[in-house]
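Please open the structure in a viewer and follow the stops below in order. Each stop names a selection and then describes what is found there.

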Amino acid sequence: ELVAAMAASSGPVAVDAERASGYRYSQRAYLVQLRRAGAGTALIDPIALPGLSQLGAALADAEWILHAASQDLPCLSELGLHPRTLFDTELAGRLLGVERVALGTMVEQHLGLRLEKGHSAADWSTRPLPHDWLVYAALDVELLIELREILAGLLTAAGKSEWARQEFEAVRLAPAPAPRENPWRRTSGIHKLRDRRQLAAVRELWQARDSYAAQRDVAPGRLLPDTAVIEAARALPKRAGELAALSVFGGPRQRRQLDRWFGAIERARALPEDELPTVTGGSGDGMPPASRWRERDPEAAARLAACREAVNLLAETHTVLAQNLLASDVIRRLCWEPPAQVDEQAVRERLIELGARPRQIELATAALTAALCVA
């Protein structure tokens with residue numbers, strides 16, 4: 001009935017999804033919300049109905065409106081829902097230079113209404129879902145169509161409609177992000193460790209935790225917090241009893257998994273010196289973190305400072321957030337490895353190679369060329 005109602009309706013469709021980040025290992029959708037004129041609002045349990053390709057086909061002619069689409073498109077794709085045209089209300093706000101782009105803030109600013117909030121961090125894998133959670137979820141699509149109309153008008157007035165179309169299409173077609181290299185290096189507090197054996201313990205504990213979390217579909221931090229990983233790595237206990245004596249490992253839940261965690265530490269202890277991780281991890285492509293550029297390559301650091309200033313000035317001129325005028329990663333890669341001969345054509349080609357959009361290249365090429373030459 002829902003598929004038929006959506007197919008018989010017209011106009012754009014507002015779409016949202018709720019995940020259970022912080023509770024589950026997976027990033028699957030645990031609730032999908034839809035609203036289209038003529039069909040009203042619908043809430044779908046994708047655990048009971050995991051295949052929604054028929055619904056996707058019924059909406060093939062519709063523009064999909066999402067808020068922060070990049071967060072929801074991957075889990076919607078898993079269900080067979082793929083938009084052919086997209087309007088992202090959060091991204092539209094950023095392109096208009098708005099700094100506070102939360103949905104509630106934008107609805108209040110442009111529509112004069114205040115959304116009931118409070119369940120954004122809820123465990124949406126809960127079943128049955130409480131009624132007030134469902135009301136909260138429905139409100140996330142209730143006003144998206146009206147908000148889209150206002151933002152589209154503002155984009156047109158600002159001469160940014162084509163720019164927005166390019167940005168929306170880039171989000172729609174963006175491939176899944178490549179797996180992070182050495183994701184264990186993002187463990188909170190790892191900067192406190194300077195010993196390679198301790199870093200090896202972090203790596204082994206992180207990998208043991210990640211494997212166990214995937215097996216149980218539980219967020220890794222709920223099984224063993226980062227603070228515990230760092231504390232154990234710093235102590236490097238020689239016996240399981242010493243590990244259990246650490247504050248976080250003394251509880252009954254951690255004691256049941258003590259062999260798992262102590263086994264990881266033992267593996268780190270057994271590693272030969274040439275297999276220990278380095279203290280500072282690289283990006284895998286020779287480009288270090290920007291904070292280390294001054295010591296690694298002062299000229300590159302100077303180029304980065306000049307190009308960042310140029311992009312910030314352009315962002316102010318065009319009333320857009322700097323990150324949306326040109327992605328920070330594109331600027332860093334341009335500055336770390338600039339063209340051999342710096343001129344506008346070479347910079348333009350390098351920006352294309354780095355994935356910048358046509359409108360971004362049009363706006364930024366001249367300013368970046370000048371900045372690279374000055375630096």
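Begin by selecting Arg239, which counts as exposed at 54% relative accessibility. The model on display is a predicted one.

Now display the whole protein chain. It contains 20 helices and 5 strands, and its C-alpha atoms fill a box of roughly 65 × 60 × 35 Å along the principal axes. Of its 375 residues, 46% count as buried. The protein chain exposes about 18900 Å², of which carbon and sulfur atoms supply 50%.

Next, colour the charged residues. The 46 positive and 48 negative charges have mean positions 6 Å apart. A search of the whole structure finds 21 salt bridges.

Select Arg127 and Asp45, whose side chains meet in a salt bridge with an N to O distance of 2.9 Å. This pair links distant parts of the chain, 82 residues apart: Arg127 lies in the loop between helix 5 (103-111) and helix 6 (131-142), and Asp45 in the loop between strand 3 (40-44) and helix 2 (53-58). Arg127 is partly exposed at 35%, as is Asp45 at 26%.

Move to helix 18 (residues 328-336), where Arg333 and Asp329 are 4 residues apart and thus separated by about one helical turn. Their salt bridge has its closest N and O atoms 2.8 Å apart.

Finally, select Glu63, Arg148 and Glu149, which salt bridges with shared partners join into one network.

Methods: Residues are numbered from 1 along each chain as its sequence is written. This is a predicted model: local features need pLDDT of at least 70, side-chain atom pairs count only at pLDDT 80 or more; totals for chains, interfaces and linings use all residues. Side-chain values use heavy atoms; hydrogens and water are left out. Helices (H or I, at least four residues) and strands (E, at least two) are DSSP runs, numbered from the N terminus. Buried means under 20% relative accessible area, exposed over 50%, partly exposed in between (1.4 Å probe, protein chains only). Accessible areas come from the Shrake-Rupley method with a 1.4 Å probe; for residues, only the protein chains shown count as cover. Lys and Arg count as positive and Asp and Glu as negative; His and the chain ends are not counted. The place of a charge is taken as NZ of Lys, CZ of Arg, CG of Asp or CD of Glu. A salt bridge is a side-chain nitrogen of Lys or Arg within 4 Å of a carboxyl oxygen of Asp or Glu.
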